[in-house]
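User: I am new to reading protein models and would like to learn how to go from the overall fold to single pairs of side chains. Could you guide me through an example?

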Amino acid sequence: MNKTEFIKAVAKKADISLSDATAAVEAYTAVITEALKAGDKVALSNFGSYEVKEKPERQGFNPITKQPITIAASKVPTLKFGKTFKDMFN
């Protein structure tokens, strides 16, 4: 499912117009992005939690040349699904 299909599904499920659903999805992603950029964790009950994790610098290798390289430290956004949500699939 791509973004357009997702917006159409939200509009149908919520019985709202396509433009309202587009605005809602855009607002949802904007709020999550802003919170993560501010260093906050976003926890949605019965779904999961979004947070930014820091990955330290580490050693790797170039798969073509086999030469060792240093992979820089980075921040990575993550989504950890909650138990209630996971249980829906088992």
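This is a predicted model: local features need pLDDT of at least 70, side-chain atom pairs count only at pLDDT 80 or more; totals for chains, interfaces and linings use all residues.

User: How many helices and strands does the protein chain have, and which pattern do they follow along the sequence?

Analyst: The protein chain contains 3 helices and 5 strands, and reading along the sequence gives the pattern α-α-β-β-β-β-β-α. Its radius of gyration is 19 Å, well over the 12 Å that the globule rule gives for 90 residues, so the chain is more spread out than a compact globule. Along its principal axes, the C-alpha trace spans about 55 × 35 × 30 Å.

User: What share of the residues counts as buried?

Analyst: Of the 90 residues, 13% count as buried, and the chain exposes about 7,300 Å², of which carbon and sulfur atoms supply 59%.

User: How many salt bridges are there, and which residue pairs with lysine 3?

Analyst: Side chains of opposite charge can pair when their charged atoms come close. Here the count comes to 2 salt bridges, and in one of them lysine 3 pairs with glutamate 26, with the closest N and O atoms 2.5 Å apart. Lysine 3 lies in helix H1 and glutamate 26 in helix H2, so this pair ties together parts that are 23 residues apart in sequence. Lysine 3 is partly exposed at 45% relative accessibility, and glutamate 26 is partly exposed at 35%.

User: Where do aspartate 87 and lysine 83 lie?

Analyst: Both lie in helix H3, 4 residues apart, which is about one turn of the helix.

How values were computed
Residues are numbered from 1 along each chain as its sequence is written. Side-chain values use heavy atoms; hydrogens and water are left out. Helices (H or I, at least four residues) and strands (E, at least two) are DSSP runs, numbered from the N terminus. The radius of gyration is taken over C-alpha atoms; the globule rule is 2.2 Å times the number of residues to the power 0.38. Buried means under 20% relative accessible area, exposed over 50%, partly exposed in between (1.4 Å probe, protein chains only). Accessible areas come from the Shrake-Rupley method with a 1.4 Å probe; for residues, only the protein chains shown count as cover. A salt bridge is a side-chain nitrogen of Lys or Arg within 4 Å of a carboxyl oxygen of Asp or Glu.
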